[in-house]
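Subject: The structure I promised you

Hi there,

Have a look around first, then come back to my notes.

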Amino acid sequence: MAQSAYIKFVDGSTVSSLTLDELKDQLLHYKEQLNLTGKQLGWDYEDAGFPYTIETKPEGEGKWFYLKGKNALYKYILMGSGKDQTGDNERNYIQVVLPDDCTHGDKSKGNEFCKYLAKLWKAELHLFNGRIMYFNPRK
């Protein structure tokens, strides 16, 4: 059974919504940061830290995209965006899905990406195991 994690934009988040293109840009920025870290360390850290290529399919255009693994340790991670309607409040979120045939490496990288993005946007993170991490300022 596929597992999902959610990055929910709440009051206090730095952004209230996000497009898929902005999400892709943020992942590419993360990849570039890893590349710069690798240059400082003297090894190709980018391939170890972000072992995926960003792929899209026609049926998912504007709804989701996936990260395709570059080697046997990693297969796929799907990412998409959506909205929750609770009463009068509308909350946007990013959904990260691990398909049934994902590897342990995919789950680890999925957690890593989710934590990085949620911390960056000061969002509420619902992890794959059901636990919640709050990076947003709460009173």
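Below is what I found, going from the overall fold to single residues.

One thing to keep in mind: this is a predicted model.

**The overall picture**

The protein has three helices and seven strands. If you walk along the sequence, they come in the pattern β-α-α-β-β-β-β-α-β-β. The radius of gyration is 15 Å, close to the 14 Å that the globule rule gives for 139 residues, so the protein is as compact as a globular protein of that length. Along its principal axes, the C-alpha trace spans about 50 × 35 × 25 Å. Of the 139 residues, 40% are buried.

**Salt bridges**

Now for the charges. Side chains of opposite charge can pair when their charged atoms come close. The count here comes to six salt bridges, and I'll take you through some of them.

Start with Asp-84 and Lys-8, whose side chains meet in a salt bridge at 3.8 Å, N to O. Asp-84 sits in strand S4 (residues 76–86) and Lys-8 in strand S1 (residues 3–8), so this pair ties together parts that are 76 residues apart in sequence. Are the two partners buried or exposed? Lys-8 is buried, because its relative accessible area of 15% is under the 20% cut-off. Asp-84 has 29% relative accessibility, so it counts as partly exposed.

Next, look at Glu-124 and Arg-91, which also form a salt bridge, at 4.0 Å from N to O. This pair links distant parts of the chain as well: Glu-124 is in strand S6 (residues 124–126) and Arg-91 is in strand S5 (residues 89–98), 33 residues apart.

Lys-109 is buried, with a relative accessible area of 9%, and Glu-112 is partly exposed, with 28%.

Lys-122 has a positive phi of about 55°, although it is not a glycine. With a relative accessible area of 39%, Lys-122 is partly exposed.

Which residues form the negative surface patch? They are Asp-21, Glu-22, Asp-25 and Glu-61. To find Glu-61, go to the loop between strand S2 (52–55) and strand S3 (64–69). Glu-61 has 57% relative accessibility, which is over the 50% cut-off, so it counts as exposed.

After that, colour the four residues of the negative patch, Asp-21, Glu-22, Asp-25 and Glu-61, and turn the model around to see them.

Happy browsing!

Key
Residues are numbered from 1 along each chain as its sequence is written. This is a predicted model: local features need pLDDT of at least 70, side-chain atom pairs count only at pLDDT 80 or more; totals for chains, interfaces and linings use all residues. Side-chain values use heavy atoms; hydrogens and water are left out. Patches are made of residues with over 30% relative accessible area and no salt bridge: like charges are joined within 9 Å, nonpolar side chains (Val, Leu, Ile, Met, Phe, Trp, Tyr) within 5 Å. Accessible areas come from the Shrake-Rupley method with a 1.4 Å probe; for residues, only the protein chains shown count as cover. Lys and Arg count as positive and Asp and Glu as negative; His and the chain ends are not counted. The place of a charge is taken as NZ of Lys, CZ of Arg, CG of Asp or CD of Glu. Helices (H or I, at least four residues) and strands (E, at least two) are DSSP runs, numbered from the N terminus. Buried means under 20% relative accessible area, exposed over 50%, partly exposed in between (1.4 Å probe, protein chains only). The radius of gyration is taken over C-alpha atoms; the globule rule is 2.2 Å times the number of residues to the power 0.38.
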